[in-house]
Amino acid sequence: MAESRKRKYDEAALRTLTRDDLEALEIGAGILGTGGGGNPYQGKLLALEALKAGYEMKILATDAIEADALCMSIGGIGAPVVGVERIREGREGLRCLTAMEELIRTPVDAIVCEEIGGANSMSPLVTAALGGLPILDCDGMGRAFPEMQMTTFSIYGHSSTPSVMCDLHGNAVIFSHAVSEVWHERMARACVVAQGGGAMLATAPMQAHFVHQFAIPRSYTKAIALGEAVIRARRQQEDPIAAVCDLEGGRRIFNGKITDLKRHLRGGFAVGDLELAGFDGWTGETASVAIQNEFLIFRRNGVVEVTVPDLIVLLDVDTGYPITTEMLRYGQRVAVIAIPCHDLLRSAAALEVVGPSAFGYPDIAFSPLPKAA
Amino acid sequence: MYRVGIDVGGTNTDAVILQDKTVLAGVKASTTEDVTTGVIEALENVIAASGIDRKAIDAVMIGTTHFTNAVIERRHMDEVAAIRLGLPSGAGLPPMVDWPDDIREIVGNHGYQVKGGYEFDGRILSPLDEDEIVRIAGEIRAKGLKAAAVTCVFSGINDAMELRTRELLYRHCPGVPVVMSKDIGRHGLLARESAAIMNASLLSLADRTVAAFQKALVQAGLTCPFYITQNDGTLMAADVVRAFPVLTFASGPTNSMRGAAFLTGLKDAVVVDVGGTTTDVGSLSHGFPRQASTTVDIGGVKTNFRMPDVFSIGLGGGSLVVNGEKGISIGPKSVGYRVRREALCFGGSTLTATDIAVAAGKADVGDKALVDSLAPALVEAAVARINAMLEACVERSRISSTPVPVIAVGGGSILMPDRIGELEVLRPENFAVANAVGAAIAQISGETDRVFSLIDGKTREAALAEAEAEARDKAIAAGAIPETLEVIEREDTPLAYLPGNATRIHVKVVGEMGAYHG
């Protein structure tokens, strides 16, 4: 379908990503993953291999493309623990793109990232590169969330079906219609188990003006800048955690050592609680973090201080590298930082889907972190 | 029970003899190119120093950095066929994809991807392409490759395809050793595969090294069994090392930290091991080294071994002291083991950190008269610089703000001040041979780390019990006394984002080594 494709953007507005950008993105996407979203490392390796093979990854601001351009959001679905053992084949996303264009009989103009936090930051880049398309500098979450209906696209009225789901075997599954976004998520989740625990899923394309209005903006430039800040601070032997806070209007809310870690499975999701004993300025204090794939609720001395959808990020105290829920271990020393989420995640409609009550905490009200002046 | 601990480092070969919990004697010798000569010298000296009858020695435990150094220095590594069973999964990421170019070239960059592998729930991902394995066997013969490493997707759940591949390779290229990833690493394909490939490339070095140890023991008239320490501070039988040399990676820092804990009786402390060229700093927690939480690079290759969280700086007894325009700098360049020839206090012409310690009256080695001419201001400034370097890495390794003692070990620990910040520095007796002591007290372990499917009514508790039983069986097979086994690690990580029922379980048990009465 490439021959019928007409370019709907100015090439001068494209930013071509380099190897260094991908290295920084790996760290930045890990930070925005708030403990979940899977490790971007393998996705980065796939992206680096694509660069080596001569493909290019070009990001584009959401207002730099014509309003009626068709933009297809894509992300991985499945278990990260499976993904580190059964690695993706590499072209699942491209097969989603081809299948989608055949399904809707229209060429897609640009790729959109479903979720900037964690592993899903990388796979849309590879899809875009292999498909010869630009990728918009935005995403549907601004962080990581466990389920597909939790994108701003779904929250603000886009129906994600018809969607296409491709696995490494070559199977392509089309969900032609779901009566709700939650139904779509439920069916896709059942399907991915049959597909072996990992697949790529592309949702129904959106028009660029919708993406511009409702996507979390500048996700790639932000994530890359975060990673660069950590790398630079480490090189100059400055505090990487302060560098992260400065950039994203976040603040360090605790330094602690992990004293207890409980994990169990609920409905296919890793649920747990983390206890911390403070040190440095927090000596004598305790804190806890409730986990549901991501870090959801932060309490200090038993009092709720930060809740989802604001970002609760755990970083290695020394290196500033992000710590995922799967890496948590007794005795680890971590810095907890809180970053205010984007306003699009703070509306009543959004909080219904991604606020504390949506994760089973009906008694905890979202109290937004103040934004930095 | 008499146990001998030997640490074969890049510079020194140290030996100790323990009678139960008492160190009878400890000595240092130089490491030799052939390994054997240095080990014999250390053994003879320590036996003489202890005054015991060598026939009474029950076991010899050896710690060695030989295999780690081979990878770091890119030496003694063979070319290897790296065969992955799992296509179409992982097609975009070939074996060794994230290795530094130089080491990938050293092992020959012979990566093969073949159809095969399993899904997380045990289903077959692709049937094994046996014809392709036979074809690869032909290439192995034609290229004259020395070994093969086979890694199958989800071999932790089912090892049948790795076993079948090994059988085919044995049949079609007899004499070529085959390493199966399921024996080496844990969950996580790339890291396990990399470990299997490195292991395969070190097999012939392992053969030579273990033979050298054996020869040394025979020449010293010892008939007892000998063991080699692995990265977690536990032991492997010598024959196991022939098959799995990579399991010795990072055993050096582990031994010196465990030795420091033993010599002081402390369970919680910061351990500073000052050698000739580098200083390693790590934390002891409950008597064991604190583990690194991230993947650990060995010579630039990511592995998922459990390693102690050790921070290294380029400061040691042989470090060069340079008084330049920007003030005093110390290290990372070092005269290393030549310190006893090249340092000023030994009559050489190079100003080293050891000379500073001698001039400052902190150490009594060599001839103090030879460093009398050093300007007091220079000595003072250099001491301040050394102390600042040590303080910075101790601070980094502290687990909490609770004051804990600092244990100074290693031959270069004469550089250590009596206090580091608010922390007291302890120098146990035999501090210079703490790593050999750590080897001598090592225990035996068994480990399981794989994904369990909770199907057909199997409960999580049943899976945990199964994992523990597997780990215990492995430890007993390796020589542990069953009654002494205890679980030191038990982790259970449900597979997130999947409504299926699968959980990854990691269990490790350790116990005392059984006495050998041969």
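The legends below describe close-up views of a predicted model. Residues are numbered from 1 along each chain as its sequence is written, and chains are lettered from A in the order in which they are written. Local features need pLDDT of at least 70 and side-chain atom pairs count only at pLDDT 80 or more, whereas totals for chains, interfaces and linings use all residues.

**View 1. Contact between domain 1 and domain 2 of chain A.** Chain A is divided into domain 1 (2-220) and domain 2 (239-359), with bounds from an automatic or database domain assignment. Their C-alpha centres lie 26 Å apart. In this view 22 residues of domain 1 are in contact with 25 residues of domain 2, contact being defined by C-beta atoms, placed from the backbone, that lie within 7 Å. On the domain 1 side, the elements giving two or more residues are helix H1 (19-32), helix H3 (80-83) and helix H6 (152-155) of chain A; H1(A) gives the most, with 3 residues. Helices (H or I, at least four residues) and strands (E, at least two) are DSSP runs, numbered from the N terminus.

**View 2. Hairpin of strands E6 and E7 in chain A.** Strand E6 (residues 163-166) and strand E7 (residues 172-175) of chain A pair in the antiparallel sense over 4 bridges; pairing requires at least two DSSP bridges between the strands. A:Ser163 has A:Phe175 of E7(A) as its bridge partner. Between the strands lie 5 residues, and A:Gly170 in the turn has a positive phi of about 110°.

**View 3. Helix H14 of chain B and its buried face.** H14 (residues 460-477) of chain B has 18 residues and reaches 26 Å from its first C-alpha to its last, close to the 26 Å expected at 1.5 Å a residue; the expected span is 1.5 Å times one less than the number of residues. Its buried residues are B:Ala467, B:Ala471 and B:Ala475. Seen down the axis of H14(B), these fall within an arc of 75°, so they line one face of the helix; the arc is that of the directions from the helix axis to the C-beta atoms. The face turned away from the buried side carries the exposed residues B:Ala462, B:Ala465 and B:Ala477. A residue is buried if 20 or more other C-beta atoms lie within 10 Å of its own, and exposed if 12 or fewer do. The buried residues of H14(B) pack against strand E22 (443-453) and strand E24 (502-511) of chain B.

How values were computed: Two residues are in contact if their C-beta atoms, placed from the backbone, lie within 7 Å.
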